[in-house]
Every structure is written in C-alpha cells, then in structure tokens.
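Hello,

Here is the structure I promised to send over. Please have a look at it first, and then read on for what turned up in it.

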Amino acid sequence: MDRPLKSPGLHALEEAFHRQFELSRSEPAPTLQARLDRLRRLRAALTENETRFEAAISADFGHRSTVETAIAETMLVLGEIRHAARHLKGWMAPRKVPTTAQFAPAKNRLMPQPLGVVGIIAPWNYPLQLTLAPAVAAIAAGNRAIIKPSELVPRFAGLLMETIAKKFDVTELAVTDIDDEIAKAFAALPFDHLIFTGSTRVGRLVAEACGRNLTPVTLELGGKSPVIVDGSADIDEAAQRIAYGKLLNAGQTCIAPDYVLVPQAAVQPFAMRLQGHMQHMFGTDPDNTDYTSIVSDRHYARLEGLVADAAAKGATIMQPATPNDREWKAGRKFPPTVIVGATPDMTVMQEEIFGPLLPVIGVRDATEAIAFVNSRDRPLALYWFGTDSAARDAVLARTVSGGVTVNDCLFHFAQAYQPMGGVGASGTGAYHGEWGFKTLTKFKPVFYRSRFNRLADLYPPYGAKVARLEKLMRMLS
C-alpha cells in the first residue's frame, strides 16, 4: 500500500492556511462587533475550561503549580482580552496625520487594516499564555490566525485544539497538530506575519524560513537576563524578590533572572539570604505542590550537567538536596540551587539556564557590573535593585535590554500598556496591548486631495507657473 505523501495534520494545516488566506483577500476587514465577538468566544473557551487547562498543563510538566498557572497564564490572558475589548474601538479608528504645508488644504489619514493571516509558534514553558496572548493581538487587529503548540505539552495541545474548534470556525482561528512534519512546514508557509516564542537557536531557523517568503516575524526569544544589586540595595529584600522571580515555574521562564551581580563584599551574605528565601517559599520537600517540575528528563539532565560543570570548575553549590536524590528526581523536581563564584568558562554562564539555578557573581562597582552586562548579548530583561537614583539611571542609560523592572523581577511583562519584546539576540518586535495591535496591523497612509489644491500647476508644459510654484515650495520646505 502506498504511503500518503502528507500526514493528516499537515494536510489540515495547509487546508486551513489556504482557506484563511483566500478569505483574508476576498472579504472585508472584520468589523468592531465581529472582533469583539471573537474575543468573547476566546474568553469563553478559556473560562469554561480553566480547570481542564490547569490539569493538562500539570500533567505535561509532571507537576505544575495550579496557582502559578492561574496567575502567570490564565489571569494574564484574561487581562489581555479585557484590555483589548475596552480599547479596540479607539485602536481601529483612522488616525489623523498632519499634511505637509505645500499640499494644503489636502488631508492625510492612517487607515488601520488587518495584515491577513498570522502564524503563532508557541513554546512549552507557558503554553496557555504564550499561545493565546498573541492570538488576542491577532484577533483585535482583525486577522485570521493559526497556532502551533509545542510538542512538549501534548495534553495541553490536544485540549487547546478541541476547545478552539468548538468556539471558532477554522477560517477564523485554528490550532494545528504537533507532529514533526508540521513543525518543519509551519514557518515555511507564506503568512502575513509570524510570531515565534522560544530559544534563540530555533528563532534563527524560524527567521531564515520566514525570510524566503519575506514574512515579517516577531521573535520573542530569551538569553541571560541579569540582575544588578547595587550597593544601596537592601540585600535581604532584594534576595526575597529575586528568589521569587527565579523560582516561578521552577525557573522555566524566558525573563527569569539568569545571574546576579552583587558588590564583592556582599556575595556570601546575599547568597545565604537568597537560599533562605528559596527554602522559605518552596521548602525542602520535593512533594511541595507549590513547586513546579522540570518539563522533561532531557531538561532535567541538562540542568544536572550545568551544576556538575560549575562544581568541577570551582564554584560553590548551595542546595537543599542533590539533583540525583531519588525523591526529587522521581517527580523531576530540581532542587533550588545557588551557584557562588561562577566564572565565564562555566557552561552555566554561557547559555540560558531555564531552570532553578542562579549564579551569584561579585563585582567591584557599578561600572564593572555595566561592563559585564554589555560584554554579552543584549538580554530580554534586566533587573536593578537599589535606592541610589543616579546609579539606577546610569544602568538604564548605559545598557540595552528588552525590558527592565526596578526593585523587583518579571513585572514589566504584565503591564498592558507597555510593549513586550527583545533586542538583538533576545528577539525582535513586540506585542501586548496596543503594541500587539500595531504589530499585526498595516497602517495604510491615505492622501485626500482637495479641489482647491494647486498641484495641477506642476503638469507640463512647464513655464513661469512652475517656476513660481517651485519657489513657493522651496520656501515651505
């Protein structure tokens, strides 16, 4: 028997894309009411299945704290929907633009229009939030969209496909299967825009595939997000807030603190306080339901390798238990780990950690801290702790990052009025709130000529009239 040339999932993806593409070209842009209706249906798909999504994500992880899923995923998506619905009428309105003086009394307008079909490639670490938040932006901007979930969260992916199919026609919003053939083909489709969230390595491959079709792409990547603890900081308060930012989702967060720079004299006191706060928040029992599992055996082994490499090269490892402890490893719970004395030759300082490990590094002063950050790829996030406003402003002025939270971690991501996006190796483009609407909208410039305008004087045959008009235009230029 001949094998089919395409898997059923790939055939369904191509069919959905072609139907969406054709309708995006043949039908008028969705009205405000149509977009609000789609946002309502998306909200219903989430709220009616909230506990099912929590269970599916937890099962995919091995264990995922339901509180973390509610706070970091469900509530953020519902907030995005609410914010978009509240402001969508204003976002959709044509925007007045001043008219260049020599063309008066004409007028200019920017006309917001949907791009067409948006592709969304989602990661596994926050599977609900990082699939549906881009979908909110796509819907608000009037686009049709196709979501490809991560293959590392198959239960979630199946549930998302089921719930979206019940609320949306495939020509509005579709979810693909997660087989290997789809993963390879998805970014090669000629989307009108593609949003990818994931690693820098895969992001390069996605950008290359999109480049063949000149598909604009928003890359939400990661990297090593630094924390600078200034000499003016309360180190106990900073340690507490950094511990939370690091251990949320067991460190499997693209904007998690990746290393901490502290004044040399404060390294040991800070590390002790950091470890104390980690154990206070999540205890020393691997059965603690507040503490999330590592998503796969492969990722767990990778983290074990980072710790072993750092220890072999002279770092001090602070842990409540070793990662190969059977009670921790059985549930893929990786012990919260502080690494003191990390050096640039250690693997933990050369790649994104994406787990509950946190190197603490001593620096002589703020200048050295800034130089340390600037000698590496520009990070997705940067965190600064202290009370010295001049030192704070120096760091803000002399470093470039995707975003910053001052005197805490992570929370710039949750601001509906702020863009979320990277820079350089940590990503390109941005979304959230109106920024997502703008990213997925074409603001078409339209020039309305007035019947009183003298532009006809530029037509040949040229003569004195053109000379007079040229003189006037030079004066106004």
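The stretch comes from UniProt, where an unreviewed entry lists residues 31–445 as "domain: Aldehyde dehydrogenase". Please keep in mind that this is a predicted model.

Now to the aromatic rings. The structure holds 13 aromatic pairs. One of them joins Phe17 and Phe21, with 5.8 Å from centre to centre and 35 degrees between the planes.

Where do Phe17 and Phe21 lie? Both are in helix α1 (residues 8–26), four residues apart, which is about one turn of the helix.

Their surroundings are worth a look too. Phe17 has a relative accessible area of 2%, so it is buried, the cut-off being under 20%. Phe21 has 28% relative accessibility and therefore counts as partly exposed. Phe17 and Phe21 also belong to one aromatic cluster together with Phe186 and Phe191.

Phe21 has a charged neighbour as well: Arg25 lies over the face of the Phe21 ring, at 3.9 Å from the ring centre. Elsewhere in the chain, Arg376 lies over the face of Phe372, at 3.7 Å from the ring centre.

Best wishes

Technical notes
Residues are numbered from 1 along each chain as its sequence is written. This is a predicted model: local features need pLDDT of at least 70, side-chain atom pairs count only at pLDDT 80 or more; totals for chains, interfaces and linings use all residues. Side-chain values use heavy atoms; hydrogens and water are left out. Rings of Phe, Tyr and Trp (its six-membered ring) pair if their centres lie within 6.5 Å; planes under 30 degrees apart count as stacked, over 60 as edge-to-face and the rest as tilted. Helices (H or I, at least four residues) and strands (E, at least two) are DSSP runs, numbered from the N terminus. Buried means under 20% relative accessible area, exposed over 50%, partly exposed in between (1.4 Å probe, protein chains only). A charge sits over a ring if NZ of Lys or CZ of Arg is within 6 Å of the ring centre and within 35 degrees of the ring normal. UniProt positions are given in the numbering used here, feature names are shortened, and annotations may be inferred rather than shown by experiment.
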